[in-house]
Amino acid sequence: MVKLILINKVFNQPVDLTKAVVQPLASDLLHNKNVAMDVLRLDRIHPVISGNKWFKLKYHIQEALQQNKKGILTFGGAWSNHLVATALACRQANLASIGIIRGERPALLSAALQEVQEYNMQLQFIARTAYSQEAAIIPQLQSLYPDYYIVPQGGQSHLGVQGAAEILQLTQIKSYSHISCAAGTGTMLAGLVRGSLPHQQVLGFCSLKLPADDNSINRFVQQYAGPHQQYTVVYDYHFGGYARKTDELIRFMNTIYQTHDLPTDFVYTGKLLFGMMQLVQSGYFKPGSRILIVHSGGLQGNRSLPAGTLTFL
């Protein structure tokens with residue numbers, strides 16, 4: 001049994017939470033609207049297990065070690081930040097890993113999947129229709145791999161939420177009126193809602209094209225929102241759907257980097273920053289508002305872009 005005092009001590013290359021600095025953003029727009037905006041740079045805590053991935057994974061890894069499991073089995077797509085982080089985290093914790101990959105095996109693996117193989121993750125490709133029924137196939141996978149601890153896509157579970165709630169312990173959050181993040185599975189959003197204070201509104205910018213009235217993200221987050229906690233899922237800045245993009249978004253990402261030395265990705269954080277600036281422009285935030293944007297790290301998707309598309313690759 002591994003002695004579980006501090007899970008980070010298991011790793012050969014520990015996550016450094018002291019690097020999660022708060023970066024203020026300054027612009028004429030923010031000044032004119034009298035809105036303060038800070039970015040919590042979770043992307044800096046580790047070169048691979050970066051951003052929210054560490055927080056969503058750490059209690060899963062702890063549980064796998066505590067149960068003496070051989071390894072971890074989890075899910076993701078061809079450019080999954082979650083898979084890359086899990087693969088390396090498992091290798092460093094002396095755990096095996098299996099990735100269930102959405103879609104048929106391509107002739108040439110993406111750079112992200114090549115990387116997870118370098119970290120010794122085994123890949124199992126399944127049809128997209130079967131992948132979309134993740135909850136239904138988990139019991140079958142558990143019977144096939146009884147020695148593996150199963151982590152849902154994106155760490156989406158109470159353990160993932162528990163870890164994500166601890167993100168807000170990295171900074172003094174009392175002075176903020178709003179907290180915002182990108183939302184894919186909703187795990188980090190649920191954690192931030194759980195860790196927020198009653199006077200704060202948490203905004204989750206959905207990266208998928210979903211109906212606003214009833215969807216998987218909102219249903220998941222509702223489970224963790226207390227009676228005095230406020231949150232809103234924003235659905236207007238998906239740019240056509242998951243991993244979709246436009247020239248306008250790419251130009252914005254390049255400008256944000258050139259102006260603030262702030263790298264973003266076109267799947268999550270680029271859309272988050274774009275949407276936040278649009279809401280500021282529209283007067284959504286009252287004068288005097290103080291906003292904390294949580295940079296969730298993970299730039300794997302950018303590796304799929306042609307060379308020269310982004311100025312910071």
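Guide: Let's start with a term: on a 1 Å grid over the protein atoms alone, a cavity is a set of points where a 1.4 Å probe fits but cannot get out, and its lining residues have an atom within 4 Å of a point. Grid points are joined across faces, edges and corners, and a volume is the space filled by probe spheres set on the points. The largest cavity here holds about 40 Å³ of space. One caution: this is a predicted model, where local features need pLDDT of at least 70 and side-chain atom pairs count only at pLDDT 80 or more, while totals for chains, interfaces and linings use all residues. Residues are numbered from 1 along each chain as its sequence is written, and side-chain values use heavy atoms, with hydrogens and water left out.

Visitor: What makes something a pocket instead?

Guide: A pocket is an open set of points with protein on both sides within 12 Å along at least five of seven lines. The largest pocket has a volume of about 1200 Å³. It is lined by 44 residues, and Arg102, Gln153, Thr185, Tyr242 and Tyr268 lie nearest its centre. The lining divides into 20 nonpolar, 19 polar and five charged residues. The second largest pocket comes to about 220 Å³, with 15 lining residues, of which Pro47, Ser50, Gly298, Leu299 and Gln300 lie nearest the centre.

Visitor: On to helices. Why are H2 and H3 called oblique to each other?

Guide: Angles under 35 degrees count as roughly parallel, over 145 as roughly antiparallel, 65 to 115 as roughly perpendicular and the rest as oblique. Helix H2 (residues 52–66) and helix H3 (residues 81–92) pack at about 45 degrees, with axes 10 Å apart. H2 and H3 are therefore oblique. The axes are lines fitted to C-alpha atoms over the stretch in contact, and angles run from 0 to 180 degrees between N-to-C directions.

Visitor: How do you know which residues of H2 and H3 meet?

Guide: Contact means heavy atoms within 4.5 Å. On the H2 side that picks out Lys53, Leu57 and Ile61, and on the H3 side Asn81, His82, Ala85, Thr86 and Ala89. Sorted by class, this contact has four nonpolar, three polar and one charged residue.

Visitor: What makes H3 roughly parallel to H4?

Guide: H3 and helix H4 (residues 111–118) pack at an angle of about 10 degrees, with axes 9 Å apart. That makes H3 roughly parallel to H4. The contact has six nonpolar, no polar and three charged residues.

Visitor: And why are H2 and H7 called oblique?

Guide: The axes of H2 and helix H7 (residues 158–165) come within 6 Å and cross at roughly 125 degrees. H2 and H7 are therefore oblique. Among the residues that meet there are Phe55 and Tyr59 in H2 and Leu159 and Ala164 in H7.

Technical notes
Helices (H or I, at least four residues) and strands (E, at least two) are DSSP runs, numbered from the N terminus. Ala, Val, Leu, Ile, Met, Phe, Trp, Tyr, Cys and Pro count as nonpolar, Asp, Glu, Lys and Arg as charged, and the others, Gly among them, as polar.
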